[in-house]
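Please keep the sequence and the model in view.

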Amino acid sequence: MNTEELVEVVLPGKVEPEGLEIRHGAVPAPGPGRLVIRTEATGVSFAEQQMRRGRYYDQPPFPFVPGYDLVGRVVAAGEGVEPGLVGTRVAALVKVGGWASHVPVDAADVVPVPEGIDAAEAETLVVNGVTAWQMLHRKARVRAGQTVVVHGANGGVGSVLAQLALAAGARVIGTASARHHDALRAQGVVPVDYRAPGLAARIRALAPAGVDAVFDHVGGSGIVDSWRLLAPGGTLVSYGSASTRDAEGSKQWPVLKLLLRVWLWHALPNRRRAFFFNVWAGRALAEDRFRARLRTDLGQVFAALQRGEVTARIAARLPLTRVADAVRLAESGTVNGKVVLIP
């Protein structure tokens, strides 16, 4: 390990993509109970796009190394860690720190990646896959024969959600811009153009009795339409406020407003449920349970990939040192799939 060099991307403050800095240093040694992963793939997700603007709900103070998740090989194990882990391929959900050639993590936080899965393909399914799986199966509990609405069905989480819902036997209505409709139809999704007027009315025409679940990453005023689309017994899962990406002012207030609204709807005696989903929820209270769920659910997602029920969408693979180009591409709104960084 001592012949290798650490390469990491630093976000120094609110900057344009070109303002991201490349830093070189010594590869860290693992402490007790920890591992060092040599990163094979990390990616650009919506969270980092928000962090660059200083808009992510609980991001650390600048400067820091972004990178929400990663896939790589264990190259060193600290005291008290099973030495057999060295050399194995694992995935980790870290929230920050992933945009680096070597990342230290708690051994208890890694999830095995089956051999035979490409590292970049696995990377596209770490945060996106576990988010989609938990919303679909743990929150909405979607079953065969139900109808669900997936907003942004061509997006990072949305595309995985749509595929997992289809695999579960559900009918999927997916919102996306018109250029993605042919690809969605080919998968079995019923596409609806979110840019055309009267979105809620067009979805209602496809499901006059209401739908069993709506997955909404947009937030803002449109969340009211998502709630009204539900049939009795239906579930709204809100998991973001993408509509506020370029907003000014408080980064907490839009999320708190959304949380309050969703909590209120859920509390009303109206035979419908509403949740705000955060993949980290419950970690602080029950870390072992959180880790067990992550391992189980991400394992299910990787199995679905191996069965062909889910396809990994890689928009581009770029070297870590070209992170500015990767962020620009991810934020352009023109890509289908995840932009993956290869250290």
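Cavities and pockets are found on a 1 Å grid over the protein atoms alone: a cavity is a set of points where a 1.4 Å probe fits but cannot get out, and a pocket is an open set with protein on both sides within 12 Å along at least five of seven lines; lining residues have an atom within 4 Å of a point. This is a predicted model, in which local features need pLDDT of at least 70 and side-chain atom pairs count only at pLDDT 80 or more, while totals for chains, interfaces and linings use all residues. Residues are numbered from 1 along each chain as its sequence is written, and side-chain values use heavy atoms, with hydrogens and water left out.

## Pocket and cavities

Start with the second largest pocket. Its lining has 17 residues, and Q134, K139, F277, A281 and R293 lie nearest the centre. Helices (H or I, at least four residues) and strands (E, at least two) are DSSP runs, numbered from the N terminus. Helix α9 gives the most, with 4 residues. The pocket holds about 370 Å³ of space. Grid points are joined across faces, edges and corners, and a volume is the space filled by probe spheres set on the points.

The lining residues fall into three classes. Ala, Val, Leu, Ile, Met, Phe, Trp, Tyr, Cys and Pro count as nonpolar, Asp, Glu, Lys and Arg as charged, and the others, Gly among them, as polar. The second largest pocket is lined by 8 nonpolar, 3 polar and 6 charged residues.

How many cavities of 30 Å³ or more are there? The count is 2.

L11, L20, E48, R52, P66, W99 and V327 line it. This lining has 5 nonpolar residues, no polar ones and 2 charged.

Burial comes next. Buried means under 20% relative accessible area, exposed over 50%, and partly exposed in between (1.4 Å probe, protein chains only). In β3, 8 of the 11 residues are buried, so the strand is largely enclosed by the rest of the structure.

Two strands pair if DSSP finds at least two bridges between them. Strands β3 and β4 pair in the antiparallel sense over 7 bridges. I37 has V74 of β4 as its bridge partner. Strand β3 also runs antiparallel to β6 (residues 102-106), with 5 bridges. There, R34 is partnered by D106. Strand β15 (residues 338-342) is joined to β3 by 3 bridges, again antiparallel. T42 has L341 of β15 as its bridge partner.

E8 sits in strand β1. E8 is buried, at 14% relative accessible area. Contact means heavy atoms within 4.5 Å. Leaving aside neighbours within four places in sequence, E8 contacts E21, I22, R23, V65, W99 and A100.

## Salt bridges

A salt bridge is a side-chain nitrogen of Lys or Arg within 4 Å of a carboxyl oxygen of Asp or Glu. The structure holds 23 of them.

| Pair | N to O distance |
|---|---|
| R328 and E16 | 3.4 Å |
| R73 and E40 | 3.7 Å |
| R89 and E40 | 2.8 Å |

R328 and E16 form a salt bridge. This pair links distant parts of the chain, 312 residues apart: R328 is in helix α10 (residues 323-331), and E16 is in the loop between β1 (5-10) and β2 (21-26). R328 is partly exposed at 40% relative accessibility. E16 is also partly exposed, at 48%.

E40 bridges to R73. R73 is in strand β4 (residues 69-77) and E40 in strand β3 (residues 34-44), so this pair ties together parts 33 residues apart in sequence. R73 is partly exposed, with a relative accessible area of 23%. E40 is partly exposed, at 23% relative accessibility.

E40 also bridges to R89. R89 lies in strand β5 (residues 89-93) and E40 in β3, so the parts tied together are 49 residues apart in sequence. R89 is buried, at 13% relative accessibility. Elsewhere, salt bridges that share partners join R34, D106, D109, R283, E287 and R291 into one network.
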